[in-house]
Amino acid sequence: MDIDMLNLRRAVRGDERAFETLIGPYLDTTYRLCLRMMGDEQDAADMAQEALVRAWRALGSYKGQSRFSTWLYRVTCNVCLDELRRRKNIQTQSLSALQEAGVELVDPGQTPEMAAESAQTRRELTEAIGQLSQEHRAALVLRDVHGLPYEEIAQILDVNLNTVKSRISRARASLRAILSRERNFPARPASKGAEGRDEK
Amino acid sequence: MKCNRIVEAMDGYLDGSLTPLEMGMVESHVEQCAACREELARRRALLDQLNRLDEDVKAPEGLLEGAMQRIHAQRKPKRRAAYWIAGGVAAALCVTAGLAGLGAMLMGGASKMAQTPMAAEPSGGYYTNATMDAGAAYDMPTAAEEEKAWDAAAAIETPKGEPEAAPAPSPAEGAAETMVQGAAKDSAEDGAQYGLKIIRDAHIEIQTENYDGDVERLRALVEEFGGFITSNDEQGSSAYNERYGSSSRYSYMSVRVPSGSLDSFLEQARQVGIVTNSGVTESDVTASYVDTDRRLKAYQKQYDRVLAMMDQAGTVEELIQIESELSRLELQIEDCQGQLNYWDSRVGYSTVNIYLDEVRRAVAVTENATLGERMRSALADSWYGFVEGAKDALVGAYAALPYIAVWVLALGAVSAIIALIVRGVRRKNRKR
């Protein structure tokens with residue numbers, strides 16, 4: 001078990017402080033997932049808060065059948081996907097919000113040149129991830145940004161393992177396509193092969 | 001082997017999900033084919049970038065606080081709603097039971113059976129149901145308006161006590177402070193003259209069966225050690241507990257005790273109940289302390305010098321410049337002074353967070369319990385649960401008595417009247 005049962009039990013019983021202790025270690029990951037799913041810091045903060053509130057309400061339904069972090073990921077993911085579905089027409093965020101995000105994400109320890117370069121990369125990646133479909137985005141972010149194993153992603157997204165695999169591989173292919181388009185590289189014929197592979 | 005087969009396998013290769021044979025095939029192909037090598041490197045770089053994309057991202061401050069405020073605000077109306085719903089359900093069930101009883105009685109006519117307390121069982125049952133409903137209603141969603149009202153109320157509430165997070169030591173100042181930093185450099189050697197500055201804080205979680213007594217005991221203990229309570233947050237009420245049989249009271253006390261007697265204080269506090277969690281954290285702030293103190297002195301010197309320059313200032317611009325420099329230095333001095341005061345206070349007095357949790361039965365947590373011990377404690381737990389359940393059932397049945405009494409009286413009265421009428425009719429018949 002990856003959490004202390006004492007605080008979990010107390011939190012289920014309605015102890016708010018126990019819940020705070022319980023949830024504390026997961027704040028950063030929760031926020032990171034929201035940030036990637038929503039693409040915007042304000043939205044991410046709102047969704048992360050919503051996810052915490054929903055986790056509190058649904059805490060009774062967590063029966064230890066999976067790791068707590070998996071369960072929380074699932075709650076968070078659903079909150080984001082619900083919201084994205086709700087406002088389907090809003091595709092990507094404005095350029096200023098992106099720049100803001102890019103600039104604020106810079107590691108203060110870096111030299112200005114490195115910072116500029118990595119901010120540029122981050123901006124590109126952020127934008128490219130934002131262009132993926134919701135399902136692809138969720139799968140790719142969980143796998144490649146959060147580094148979760150396929151099995152856990154299958155639990156979080158509530159789909160079977162093969163679907164997860166094919167979603168991730170498709171998502172990676174589209175991400176590469178978007179990036180190469182944006183970097184003005186002609187798409188390599190080889191990467192087309194990868195795209196053609198898609199769902200078998 | 002064709003290139004596109006290899007490219008297809010690249011993601012699997014990077015994930016490490018290929019068989020060793022396939023891995024070998026990809027590797028040997030990549031060694032020979034420059035295009036695939038390049039593609040693989042590009043994909044690896046992309047994955048690497050994605051992996052590191054968010055590693056520095058931290059949740060915004062106030063995320064948890066905001067969420068907890070919403071959670072807290074949403075709970076209150078539910079509790080109130082639970083009472084209303086419980087009351088409503090109980091009333092409805094009583095009325096239904098009453099009507100049913102009346103109907104049955106009317107149809108059954110003037111039976112002598114009416115005297116027997118036949119309503120006893122169902123009535124008791126209904127009461128228990130109503131109580132349980134109250135618990136279930138706890139989580140029922142409330143009307144949006146109500147929620148909004150509570151959100152508004154929560155917004156007005158003053159925020160809880162300031163968390164005692166140490167303000168980050170101010171980063172190195174601009175180029176103007178080279179002198180200041182130079183002064184701070186040899187601070188380590190002079191550290192001895194300040195003595196060690198060590199902050200020792202502790203936390204302790206205690207389970208208690210005697211909540212009120214132990215809260216008092218802790219208060220007395222704090223006083224005895226010359227400490228004081230900075231915050232005490234108690235939740236849950238005994239009235240609620242007696243009513244619903246759950247013991248959800250807890251107290252979250254933040255106390256300060258002189259750091260010299262922290263250990264003996266903790267030892268005493270451990271005697272209060274069953275300790276489920278405790279620990280002491282120490283952090284050595286000597287280096288930062290000395291550094292800040294040096295900076296403070298340097299700033300003060302600088303301030304005096306700039307102040308002296310004021311007399312020589314000729315133009316208004318110069319005066320304004322000096323003024324702004326002075327106010328900048330004042331800020332720095334206040335900042336350093338504040339930091340030092342803060343550290344002095346943290347070093348002199350240890351913060352102890354005490355979490356006192358009321359339980360109906362405090363159980364010591366044994367680590368590495370043997371099978372026998374676990375079995376024994378499991379049996380003890382289930383026996384305890386059984387006894388508590390039986391008690392609750394008894395309380396439920398007892399609480400139903402007033403309802404039973406009222407219905408028995410009503411039924412008795414009605415049946416007596418009917419019996420009188422019947423007797424009257426028979427007498428009339430006999431007379432005929």
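This is a predicted model: local features need pLDDT of at least 70, side-chain atom pairs count only at pLDDT 80 or more; totals for chains, interfaces and linings use all residues.

Student: How many of the 200 residues of chain A, in percent, count as buried?
Tutor: The share is 53%, where a residue is called buried if its relative accessible area is under 20%.

Student: What makes up the secondary structure of chain A?
Tutor: Chain A has 11 helices and zero strands, so that its elements, read from the N terminus, run α-α-α-α-α-α-α-α-α-α-α.

Student: Why does the span of helix 2 of chain B agree with its 13 residues?
Tutor: Helix 2 of chain B covers residues 20-32, and at 1.5 Å a residue it should span 18 Å; because its end C-alpha atoms lie 19 Å apart, the two values agree.

Student: Which residues of helix 2 of chain B are buried, and why are they placed on the same side?
Tutor: The buried residues of helix 2 of chain B are B:Val26, B:His29 and B:Val30. They cover an arc of only 100° around the axis, and therefore sit on the same side of the helix. In general, an α-helix has 3.6 residues a turn, so residues three or four places apart point the same way.

Student: What do these buried residues pack against, and what lies on the other side?
Tutor: The buried residues of helix 2 pack against helix 1 (3-15) and helix 3 (34-52) of chain B, whereas B:Pro20, B:Leu21, B:Glu31 and B:Gln32, on the other side of helix 2, are exposed.

Terms used
Residues are numbered from 1 along each chain as its sequence is written. Chains are lettered from A and ligands numbered from 1 in the order in which they are written. Side-chain values use heavy atoms; hydrogens and water are left out. Helices (H or I, at least four residues) and strands (E, at least two) are DSSP runs, numbered from the N terminus. Buried means under 20% relative accessible area, exposed over 50%, partly exposed in between (1.4 Å probe, protein chains only). The expected span of a helix is 1.5 Å times one less than its number of residues. The arc is that of the directions from the helix axis to the C-beta atoms. Contact means heavy atoms within 4.5 Å.
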